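This report goes through one structural model by its sheet, salt bridges, helices, cores and a few single residues. The sequence and coordinates come first.

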Amino acid sequence: MSWKRNYFASGSGGLHGAFTPRTMTSIAPSKGLSNEPGQNSCFLNSALQVLWHLDIFRRSFRQLTTHKCMEDSCIFCALKSIFAQFQFSSEKVLPSDALRCALAKTFQDKQRFQLGIMDDAAECFENLLMRIHFHISDETREDICTAKHCIPHQKFAMTLFEQCVCNSCGATSDPLPFIQMVHYISTTSLCNQAVKMLECQEKPTPDMFGELLRNASTMGDLRNCPSNCGEVLRIRRVLMNSPEIISIGLVWDSDHSDLAEDVIHSLGTCLRLGDLFYRVTDERAKQSELYLVGMVCYYGKHYSTFFFQTKIRKWMYFDDAHVKEVPIAIQIRWTRR
């Protein structure tokens, strides 16, 4: 049996064994979202299903009552409306038109997420979070927001700094702080690092998936020594907080990659924050284990979503209006147990 298959099977007896919520969260039965011919709203529908099915986000967003309203371009109002329909509507398929229109009007100047035009689901997800920050955080800058009620920064944001340290001459670069909502990793780097780790390990271990992601994320991030001693250094990323939700974006180098199977078999079901980054400073993050709960997939110029629904403890598949139960799925979104 190959390392990839062995490692994937090592995730505590599969995904159902790995993800065992402490509490059962009561939500309405799963609903689909409409996407009529020419609308090209699958990217938004996928991001929306993720936000609705993330218990941490749904519960926190429900508690928010005041915001800076932008009227017909208010993403906060549109999201509140569709969440109410998810919870109370008797319809099995809901329109996402109001949110689609608010998103298009908000980003009209940037020519992003416009009506009828396909866009990127991960970037849509990020921008929805940032607009929620805008609506509720009194115009606090995105990179310094510490508001306790700001769901994006309190639940999703990874507060990081990156730095280069030369082992030869001892020189260090100035730390560069930043915040990210999604941690992007090249699929090519992921697969290359998986092969290297296989060559160095006799058998897979639980921490290998986090190490794999860390090695893959810094594989191409090389810098010259700050003192120009001639050494080429790999960037070190340090996590300074303990986010409750970690989002990983797998970046494909081409539209016709043949790495899909290798990528799938390289994914794990449990992620330790201490393994994902060079170092973590928050004590909670050092002990934090996160479990896979959702995946947005792109195939054939179309987005769809897998997500673990905690009420029924089953994986569901969302393809716009079509919703069905699946026995198991692989995902790239983690939430604290």
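Strands β3 and β8 run antiparallel and are joined by four bridges; two strands count as paired if DSSP finds at least two bridges between them. The model is a predicted one, in which local features need pLDDT of at least 70 and side-chain atom pairs count only at pLDDT 80 or more, while totals for chains, interfaces and linings use all residues. Residues are numbered from 1 along each chain as its sequence is written, and side-chain values use heavy atoms, with hydrogens and water left out. Helices (H or I, at least four residues) and strands (E, at least two) are DSSP runs, numbered from the N terminus.

**Sheet and hairpin**

β3 and β8 belong to an open sheet of four strands with mixed pairing, in the order β4-β3-β8-β11. The edges are β4 (176-180) and β11 (279-280); each has a single partner strand, so one side of each is left without a neighbour in the sheet.

Y317 has K324 in β15 as its bridge partner. These two strands form a hairpin with two residues between them, and D320 in the turn has a positive phi of about 55°.

**Salt bridges**

The whole structure holds 10 salt bridges, a salt bridge being a side-chain nitrogen of Lys or Arg within 4 Å of a carboxyl oxygen of Asp or Glu.

| Pair | N to O distance |
|---|---|
| E244 and K155 | 2.9 Å |
| E162 and R237 | 3.3 Å |
| D282 and R284 | 3.3 Å |

E244 forms a salt bridge with K155. E244 lies in the loop between β8 (236-239) and β9 (245-251) and K155 in helix α8 (residues 151-156), so this pair ties together parts that are 89 residues apart in sequence. The salt bridge between E162 and R237 also links distant parts of the chain, from strand β3 (residues 158-163) to strand β8, 75 residues apart. Both E162 and R237 are buried, where buried means under 20% relative accessible area, exposed over 50% and partly exposed in between (1.4 Å probe, protein chains only).

In the salt bridge of D282 with R284, D282 is buried at a relative accessible area of 16%, whereas R284 is exposed at 56%. Salt bridges that share partners join R112, D119 and E123 into one network.

The expected span of a helix is 1.5 Å times one less than its number of residues. For helix α5 (residues 75-88), the 14 residues should span 20 Å at 1.5 Å a residue, which agrees with end C-alpha atoms 20 Å apart. Its buried residues are I75, F76, A78, L79, I82, F83 and F86. They cover an arc of only 160° around the axis, which puts them on the same side of α5; the arc is that of the directions from the helix axis to the C-beta atoms. The cover over these buried residues includes β1 (32-33), α3 (42-53), α4 (55-63), β2 (93-94), α6 (97-106) and α7 (121-136).

In α3, the 12 residues should span 16 Å, and the end C-alpha atoms are 16 Å apart, which agrees. This helix is mostly covered, with 12 of its 12 residues buried.

**Nonpolar cores**

A nonpolar core is a set of buried Ala, Val, Leu, Ile, Met, Phe, Trp, Tyr and Cys residues joined through side-chain atoms within 4.5 Å. The largest has 50 residues, of which F57, L79, F83, L103, L128 and F156 touch the most other members. At least two residues of this core come from each of α3, α4, α5, α6, α7, α8, β13 (303-309) and β14 (314-319). Not counting residues up to four places away in sequence, L128 touches L44, A47, L51, I75, L99 and L103, a contact meaning heavy atoms within 4.5 Å. F209, L271, L273 and A285 are among the members of a second, separate core of 26 residues. In soluble globular proteins, nonpolar side chains tend to be buried together.

**Two further residues**

H133 sits in helix α7 and is buried, with a relative accessible area of 3%. Beyond residues up to four places away in sequence, H133 touches T140, R141, E142, C145, C150, P152 and H153.

S189 is placed in helix α9 (residues 187-200) and counts as buried at 13% relative accessibility. With residues up to four places away in sequence not counted, S189 touches A216 and M219.
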